[in-house]
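The following report describes selected local features of one protein model.

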Amino acid sequence: MNLIKKDMNTENLKSSLLTAKHIVIFTGAGVSADSGIPTFRGQKNGLWGRYDASKLASAQAFEQDPALVWGWYQWRKAQVMKAAPCAAHLAIAQMQDLGPHITLITQNVDDLHERAGSKNVIHLHGSLFRSRCFDCGQPYSDLNDCALDANEAVRIDPPNCPQCNGRIRPGVVWFGEPLSKKLFDLLLAGARRCDVMIVAGTSGLVRPAIEIPKVAARAGAKLVEINPEPSLAQADFSVKEAASVAFPKILKMMQRA
Ligand code: OAD
């Protein structure tokens, strides 16, 4: 395993994982990269390098041009529906099968963790598959509306809410929108209690999400970062590999108890 800091070795990592009473796995877009889902930053294909987030990922953008925004999210949803979980998603699900002491928090809005078999996935930034009314908040089941052949340039008018006739919006957290305070406080409390936090495939540039690993580190948890381009200065173990390579190895370490 490619651990880059001098004072780290695979035996230390294995022992931290095997003795942990509570492990949190915190994932970002890099974990779905090997399923073919583009990340947001740091690569030539990153979504926010190719698209203007201010025109696509805010409430103001939706109010200004709902068809542009809805069409773009339908395209992203179609991409996810055509993709399959990768070795990282599958290994994480198997890790969770080892015991109830593993909590999975994802910033991802895809459903690849669930399709790999993970249960109780905490979606910090919402989900492409949980649309709701922009006006009244009523959840909206839109699986039949998903344009599987939607391409990225297609404008699609959002459906209307059966309850108030308002416009249906994607169920993701947009820039400028708060996270649920109740959920976030619970996650911070969990972060303070965990022994190990595995942070995988995130640039760590989005607040407040990144506070979760920072709080864990400050409370004494061992931080394991999995990222070909490490970004967390606080990491105790930095695994400089793709998530789909590293997680199967970590699973093996945990199975060889
Ligand atoms: P980013 O796109 O900011 O970061 C992706 C990270 O994954 C980078 O650090 C890459 O080096 C790393 N990476 C790429 N391929 C990888 C691989 N195969 N294995 C492991 N790591 C890999 O994505 P996030 O940090 O998830 O918000 O972005 C955070 C939030 O910003 C997202 O949730 C999204 C976005 O705006 C919403 O959707 C609300």
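Helices, of at least four residues, and strands, of at least two, are DSSP runs numbered from the N terminus. In these terms, Asn165 is located in the loop between S4 and S5. The model is a predicted one.

**Backbone details**

Most residues other than glycine have a negative phi, and most peptide bonds are trans. Asn165, although not a glycine, has a positive phi of about 70°. With a relative accessibility of 56%, Asn165 counts as exposed. Asn120 likewise has a positive phi, near 50°. This residue, Asn120, lies in the loop between helix H8 (112-116) and strand S3 (122-123), and Asn120 is exposed, its relative accessible area being 71%. The peptide bond from Arg207 to Pro208 is cis, with omega near 0°. Pro208 belongs to the loop between S6 and helix H10 (211-218).

**Helix H1**

Which residues of helix H1 are buried? In this helix, residues 10-19, they are Leu13, Lys14, Ser16 and Leu17. These residues cover an arc of only 160° around the axis, and therefore lie on the same side of H1. Glu11 and Thr19, on the other side of H1, are exposed. The packing partners of the buried residues of H1 are strands S1 (23-27), S6 (196-200), S7 (222-226) and S8 (237-239), together with helix H11 (243-255). At the start of H1, a side-chain oxygen of Asn9 comes within 3.0 Å of the backbone nitrogen of Glu11.

Rolling a probe the size of a water molecule over the atoms shows where empty space is left. The largest pocket has a volume of about 1,000 Å³. It is lined by 50 residues, of which Gly28, Ala29, Thr39, Phe40 and Arg41 are the closest to its centre. Helices H2 (30-33), H3 (47-50) and H6 (66-82) each give two or more residues to this lining. The largest share, four residues, comes from H6.

The second largest pocket has a volume of about 320 Å³. Among its 16 lining residues, the closest to the centre are His123, Gly126, Arg132, Gly171 and Val173. Two or more residues each come from strand S4 (126-133), strand S5 (168-172) and helix H9 (181-193). S4 gives the most to this lining, with four residues.

The linings are set out by residue class below.

| Pocket | Nonpolar | Polar | Charged |
|---|---|---|---|
| Largest pocket | 26 nonpolar residues | 17 polar residues | seven charged residues |
| Second largest pocket | seven nonpolar residues | five polar residues | four charged residues |

Conventions:
Residues numbered from 1 in each chain as written. Predicted model: local features only at pLDDT ≥ 70, side-chain atom pairs only at ≥ 80, totals over all residues. Heavy atoms only, no water. Buried < 20%, exposed > 50% of the residue type's maximum accessible area, 1.4 Å probe, protein only. Arc of directions from axis to C-beta. Contact = heavy atoms within 4.5 Å. Polar contact = N/O pair within 3.5 Å; in protein donor to acceptor, adjacent residues only side chain to side chain. 1 Å grid on protein atoms, 1.4 Å probe; cavity = no way out; pocket = protein on both sides within 12 Å on 5 of 7 lines; lining within 4 Å. Points joined across faces, edges and corners; volume = space filled by probe spheres on them. Nonpolar A, V, L, I, M, F, W, Y, C, P; charged D, E, K, R; others polar.
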